[in-house]
Amino acid sequence: WAGLVGTGFSVLIRLELSAPGSVLGDFQLYNLIVTTHGLVMIFFLVMPMMMGGFGNSLVPMMLSLPDMGFPRLNNVSFWVLPVSMGLLFCSAFSEGGFGGGWTLYPPLSSVMGHSGPAMDFLILSLHIGGASSIMASINFYSTWGNMRAGCHQFYRVPLFCTSIGVTSFLLILAMPVLAGALTMLLTDRNFKTSFFDPTGLGDPLL
């Protein structure tokens, strides 16, 4: 479903770029569509499908296991994704939405760039999506590392399982960094800190 939504946004992007001038009639709407397309495709299609979908289907089968290591953790990591996507669409419908690009760079993501609640909804959405990725990655990494059958030494594990394990390890390292940056952005917006604000000796490149 997320793939269909992202594809719809992609069609709208192509429509806007198909002719000179503004086809949609609203440049902020176009920026919102580009931003939402990027976030939906990465956080709600590629990561859940490539990691979650193929991983849950193939890793237990390839390692001769009845199920993943932590099935309930798997379940939670799936069911928080609709909540996260709902918050993303709450962001799109709040005061014109956030149109600063899917990379969320300041100053477009700061209060100066987008002062309404759209960015705050987006930060909360990505926090929950990041928690989902961390939970799924812990599950995949522990399954790959600790639950191989006796005949599956590391050099005999299928390459797909190894790729899932390595990707899970990298996600466990990377997602808390994203969460920390989002938290700093949230405090910049709501609690007058200046991690990304040069006037308070912050660094917008941080």
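Started with the record. UniProt, in an unreviewed entry, puts the feature "transmembrane region" at residues 28–55, 76–98, 118–138 and 159–186. I kept in mind that such annotations may be inferred rather than shown by experiment, and that the model I am looking at is predicted.

**Overall layout.** I looked up the secondary structure and got five helices and zero strands. Read from the N terminus, the elements go α-α-α-α-α. The C-alpha atoms take up a box of roughly 60 × 45 × 25 Å along the principal axes. Of the 206 residues in the chain, 41% are buried. For contacts between residues at least 6 apart in sequence, 70% join residues at least 24 apart. The charges were next: 6 positive and 8 negative, with mean positions 19 Å apart.

**Two of the annotated spans.** I checked residues 118–138, and the span is 100% helix, with end C-alpha atoms 30 Å apart. Residues 159–186 also come out as 100% helix and 0% strand, and there the end C-alpha atoms lie 39 Å apart.

**Along helix 4.** I picked Ala118, which lies in helix 4. Buried or exposed? Ala118 has 4% relative accessibility, so I logged it as buried. Leaving out residues up to four places away in sequence, Ala118 touches Ser91, Ser94, Gly97 and Phe98. I also took Ala118 against Val76: 42 residues apart in sequence, and 26 Å apart in space from C-alpha to C-alpha.

Further on, Ser133 is in helix 4 too. Ser133 has a relative accessible area of 12%, so it goes down as buried. Which residues does Ser133 touch, not counting those up to four places away in sequence? I found Met47 and Met175.

**Aromatic rings.** I counted four aromatic pairs. The one I looked into is Tyr141 with Trp144: ring centres 5.7 Å apart and planes at 50 degrees, so I call the pair tilted. The cut-offs behind that call are under 30 degrees for stacked and over 60 for edge-to-face. Tyr141 and Trp144 both sit in helix 4 (residues 118–146), three residues apart, about one turn of the helix. Together with Phe169, Tyr141 and Trp144 make one aromatic cluster.

- Pro106 and Pro107 are joined by a cis peptide bond, with omega at about 5 degrees. Pro107 is in the loop between helix 3 (71–92) and helix 4.
- Ser64 has a positive phi, near 60 degrees, and is not a glycine. I placed Ser64 in the loop between helix 2 (27–62) and helix 3. Ser64 counts as exposed, at 53% relative accessibility.
- Leu201 has a positive phi as well, near 65 degrees. Leu201 is in the segment after helix 5 (159–190), and at 82% relative accessibility I have it down as exposed.

Notes. Residues are numbered from 1 along each chain as its sequence is written. This is a predicted model: local features need pLDDT of at least 70, side-chain atom pairs count only at pLDDT 80 or more; totals for chains, interfaces and linings use all residues. Side-chain values use heavy atoms; hydrogens and water are left out. Rings of Phe, Tyr and Trp (its six-membered ring) pair if their centres lie within 6.5 Å; planes under 30 degrees apart count as stacked, over 60 as edge-to-face and the rest as tilted. Helices (H or I, at least four residues) and strands (E, at least two) are DSSP runs, numbered from the N terminus. Buried means under 20% relative accessible area, exposed over 50%, partly exposed in between (1.4 Å probe, protein chains only). Contact means heavy atoms within 4.5 Å. Lys and Arg count as positive and Asp and Glu as negative; His and the chain ends are not counted. The place of a charge is taken as NZ of Lys, CZ of Arg, CG of Asp or CD of Glu.
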